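Let us read a new model together, one feature at a time. Have the sequence and the structure open.

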Amino acid sequence: MRTTSVLGVAVMLTLGAPACAGGGGGSSQPITIGVSVSLDGDFSGDGKALEQGYQLWADDVNARGGLVGRKVRFKFVNDASSTQQVVTNYQNLITRDHVDLTFGPFSSLLTIPASSIASRYGYAFPEPAGGGPHVFDRGLRDVFFVQPAPVVDNLASYTRWLLSLAPDQRPRSAAYATEDDPFTQPQLDRARALLEKGGVQTVYTKVYPAETTDFTPIALAVAQSRADAVVLGTMIPDAVAFVQTFQQQRFNPRSLIETSGPDQGGQFSDKITGGNTEGVMVPAGWWPSAKTSGNDRFVRAFLARYGGDAGSISADAAEAYSVGQVVEQAVGRIHSIDNAQLTDALHSGTYQTVQGAMAFDSKGQPNGSSFLVQWQGGQTVPVYPAAVAVAPPEYPKPAWR
Amino acid sequence: MTTLVLEAAVLGVLTGGVYALMASGLTLIFGVMRIINVGQGALVVLGAYLGFVLLRQWHVDPFLGLLLTTPALFVLGVALEVVFIRPLRTDRESLSVLVTYALALGIEGVLGYLFGADYRQISVWYDTATFQVGGFHVAVVYVLGFALCVAILAGLGLLLYTTTFGAAIRATMLNRAAAQLIGIDVERVSAIAFGIGMATAAAGGVVFGITTAFNPGSHYDLISRLLTIIVLGGLGSLRGAIVAALVMLVVQDVTAVLLSPTWAAFAFFVVLVAVLVARPQGLYGLRVRERI
Amino acid sequence: MRQTWGAWAAAAALAVALALPLASLDPSVLNIAVFTLMYVGLATAWNIIGGFAGYISLGHAGFFGIGAYALGLLVGHLGVPGGYGPFLLVPVAGLLTAAVAVPVGWIALRTRAATFVIVTIAFMFMLQILATNLRGLTGGSQGLGYPAPEGWSPRFVDVPFYYAMLGLAAVAVLAAWWIRGSKLGLGLRAIRDDEDRALALGVPTWAFKVTAFTVSAALVGMIGGVYGYYVTYVYPQFVVDPLISLSMVLMAFLGGTGTIAGPIVGALLLEPAQLELAYSVGEARLYLILYAVLFLVVILVLPSGIVPTVADRVGSRRARQPVAPAPAPGEAAPP
C-alpha cells in the first residue's frame, strides 16, 4: 500500500512539475496584465467596451485553468483619452507594478505613444484598436494589431462585392465623405481608388474635420449628389447624422456603407427609428452570429454579465477578447509568458479568435481581410464573402420608411 | 449648386437660432456679472440629458418637458451663483473662469458616472419628419427648435426692455457701482441673471439634444463656439449674440458646402479676427474702460 | 532679507532637482517628474503675460503645439537621428514659435480683458485647424513622428528628458525673475493695474505687451518641442489641446499669479496629483469629479493663490508679535 501511495505522489509531482515551470513568481501567483483603458474623455465609450472584453476573456481563461496553470488578473488604469496619461500609465504598469504582460489601449492615437514605452522595455504589445498605418512604420517588432485586416484594407470586401455585381445592377456613381482621421481616411482613399478603377464614377468626395459637430451641410451635399452608392468614413455621431439627414431629404442610395457606427450595436440602432437601419452596411471583423472560435461562449458570457441583446455588443469588446485569445494560444505553444519568446511566437502561425483566423506579418500587421456586414431585421449579419455569409446581401438598400 | 447653398444658408439660420439661444445666457451673465461662464456648455449638455431622461423614463415630449427643466435649471443656477460665485471677492473675473471650469468638469464627471460615455440622442417620433419648401426638405425638429429659440429670445427681450426688473438688469450691466448707488440689489440681480442663463441652457440643450448625438464630453466643442459667438457679437449684448450666432452658422455651413468642411471653422475664425481688428469690442459691444 | 531667503531656497531646490536622477533612477518617478517640470516651465512662462501683465491667455497651447511640430519638422527634414541631437534644435523651435507669436500678439493684444481671453482661444483653434489641414507640412491628422533615441537603455532614457525639462524650467524661472525686476516688469505691472493710465504716463505699453507675449510664447514652444520628442508622436488635437492651456493657467492661479514661486508651487502640486489620481482611482470613473471638487475647494479657500496667502499669513503673524518698548535714555535695554 505504501509503495502505491509513494508512487502516486511521485506521479502527481511529475505531472504537476510542468505546470510549475515557466514564468517566475511561482505557480500560485497570478499573472498580471497591465492595460490602460480610456474611461473618460473622447474614447470613453470604446474604453469601457475594451475593458469588458478583456475581463470576459480573463474570466473565461481562468475557468479553464489560466495561462500556464496560473490565474490571469488584469490591472486596468484610466488614461482619460490623454497622451500624457497613457504614457505615464504604461511606464507605471511596467516599472512600478511590474506587470507580466501588457495589452493595448484604444485608438491608434494612444497606441503609438504607448507602444514606444512597451517596446522599450521589451514587452510584447498585442493591441485591439490601433490599426492606422503609422502604428507599423515605427520599426517596432513587438506591436500586433489584433483585427483580421490592416485598417487601410477595411473596405476591400465591400469593393469586391460591389464590383462583383452584374454590370446592369452595379452602382454607376459613388459619393465619398470621411472624417479627417487616421483610421477612416486611408480606408476611403483605398476604396475610392479600387472603385474608380472598376468603373464607378466619383460624383462627390469630401473630408471633414473630426471635431465637426454639425454634419448636416455635408450630408446635404452628399444627398444632392444623388449617387448610387455612398461610402462614409464615420464614427457614431456622424454615422447617425448622415442617416437621419438622408431620411429627411428622402435620399435613397442603392448602397450605403459606413466604416464605423453601424457596428456599435445599440448606440447606433437606438437613434435610427422605424426599422430604418435595414440595409446599412459596415465592414467588420466580428459579428454576434459568426461561427468563429469561442464566439458562442463570448456572446453568452457578455449577455449574462452585462445584459442587453446580442445586437448591442460593441465590436470593441470582441476585439479585446481576441487579444486575450491570441495570447492564450501563443502562450500555449511556447509554454511560457516570457515577452521576448511571446513576440517571436506571435510573428508566426495562425490564431483562432472570435474575429476569425488571423496571422501577423513581420511588422505586426494582420494579413487577413475583414467581412461585409449588413443590418437585416434589427440585427447585423455577415453577408459577404459567401464562405462566412449567414444571409445574402440585400441590394438595393430598401427605401426609408 | 445654388439650391445647395440656399439649403445650407437656411440650415445655418435655423441652427444659428439654437446657438443664439445658448449664447444669450452666456452673454447675459457676462454683461451683468462680468464673468465668463466656461461651464455654459456643460449646462447645455445637462439640459440635453434631462430632456433625454424625461423622454426615456416618463415618455414626456422634450419640448413639453421644458416646462419642468427650465425652472429646475433656473433654481440650480441661482444656487450655483450663491454658493460658488458670490464668495469670490477679489479677482472675480479671472477666478470665475476657473470656478466655472471646475463646475463644468464636475458636471461632466457626474454625467459620465450616471450615463457612461455612450452617445445619446433625444429621439422624438417626428425626428425625420420634414416640411417641404420649394425643392428641398427642412427637418421639423429644426423648425420647432428655431421657433422655440425665437420665442424665448423674444421673451428675454421683453423682460429686459419692458419690465422694471429688466431695467435693473440693464442698469447693472451698464454700470454696476452706479446701479448699486441708486438702490438696485446687484447681488440679487446677479443671481437671477445667472439663473436665467441656466434656463436658456436648458432650452438650448433640448434642441441640441434632439439634433445632435451627445455625450458628457460634448461641452468642449460647444463652449468654444459659444465664446467666439459672444465675442463677435460684443460681450454683454443680447442683440450681438443673436446676430453673431446667425453669422457664424451661416458662414460655416455655406463654406462647408461651397469650399470644404475642413476650412469652415477656419473661415469663421477669420471673420472673427477681422471684425475684432476693426472693432475690438465686437459688433454691438460698448467701448468701456474695462479691466479684467 | 526676503530676497536672499528666496534665493537660497531656489538654489537648494535646484540642487535637489539636479541630483534627483542620481538618487532614484526609477523610470516611473522620472516620468512624472518630466511632466511636472514641463508644467513648472509652462506655468511660469504663461505667468509672464498672464500674471505680470494681467492678460489672461487661454490659448497658449497653440504655441505649445507650434513648438512640438517645429522641432519634429526640423529633426525630420535635417535627418537628425534620435539621441542628443534633437535637443540642440530646441532653441530654433523656440525662435520659430516666437516668429508666429509676434503677428498673433499684434492682433490679439489690441483687445482687452475678456475679449482677449476669447481671442486667444480662437487663435489656438485656428492653429489646431492649420495643423490638421496643412497635411503636406504637418502630416495632418495622421500626425508627425519623432525618431526614437537609439542606444539609450530603458532605465536611462528618461534622464536626458528630465534634464532638458529642468533646464527649460530654469530658463523660464530666470526669465520671469529677471523681467519682474526690470523696467519691463514694472511696466507690465502698471499695465495690469491700469493700462490706460500707464499709457497716459508714457509707458510703452504696446512694446512691453508684445515683448512679454512673445517671450512667453517662445518658452512654451520650446517646452512643447521637448514634449513632442518625449512622447515620440505628435497629433494636432493632442498638442494643441485646450486642457493644456487650462492646466497651466490653473497652476499659476493656484500658486499665485504675479509671484515667481506661485506657478512653480502650483505645478508641483497639481501635475503629480493629476497623474496619480488618474492612475490610482481613475478606474472608478470618479476621477473627474474628485478633480473638480479639489479644484473648487482650493479656489474658494485660497482665492489669491497659495504663495501670497501663505506669505500673508507669515507676514501677519510676524506683525502680531509684540514689539519691545524702546529703552528710555539711560536705562539698559531689556534682555
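**Reading the model**

Q: Among contacts in chain A between residues at least 6 apart in sequence, what share joins residues at least 24 apart?
A: Two residues are in contact if their C-beta atoms, placed from the backbone, lie within 7 Å. In chain A, the share is 70%.

Q: What kind of model is this, and how are its parts numbered?
A: It is a predicted model: local features need pLDDT of at least 70, side-chain atom pairs count only at pLDDT 80 or more, and totals for chains, interfaces and linings use all residues. Residues are numbered from 1 along each chain as its sequence is written, while chains are lettered from A and ligands numbered from 1 in the order in which they are written.

Q: Where in chain B is confidence lowest, and where highest?
A: pLDDT is the predictor's confidence in each residue, from 0 to 100. Where pLDDT is low, the predicted coordinates should not be read in detail. Chain B averages 86, and 97% of its residues score at least 70. Strand E2 (residues 136–139) of chain B is lowest, at a mean of 81. Helix H2 (residues 40–58) of chain B is highest, at 93.

Q: How many helices and strands does chain A have?
A: Helices (H or I, at least four residues) and strands (E, at least two) are DSSP runs, numbered from the N terminus. Chain A has twelve helices and 14 strands. Its radius of gyration (over C-alpha atoms) is 23 Å, close to the 21 Å that the globule rule (2.2 Å times the number of residues to the power 0.38) gives for 401 residues, so chain A is as compact as a globular protein of that length.

Q: Which domains does chain A have?
A: Domain bounds come from an automatic or database domain assignment. For chain A it gives domain 1 (28–151 + 292–358) and domain 2 (153–286 + 371–384). Their C-alpha centres lie 29 Å apart. The contact takes 20 residues from domain 1 and 17 residues from domain 2. Helix H11 (residues 315–334) of chain A gives the largest share of the domain 1 side, three residues.

Q: Which element gives the most to the side of chain B that touches chain C?
A: This contact takes 41 residues from chain B and 37 residues from chain C. Helix H4 (92–115) of chain B is among the elements that give two or more residues to the chain B side. H4(B) gives the most, with 14 residues.
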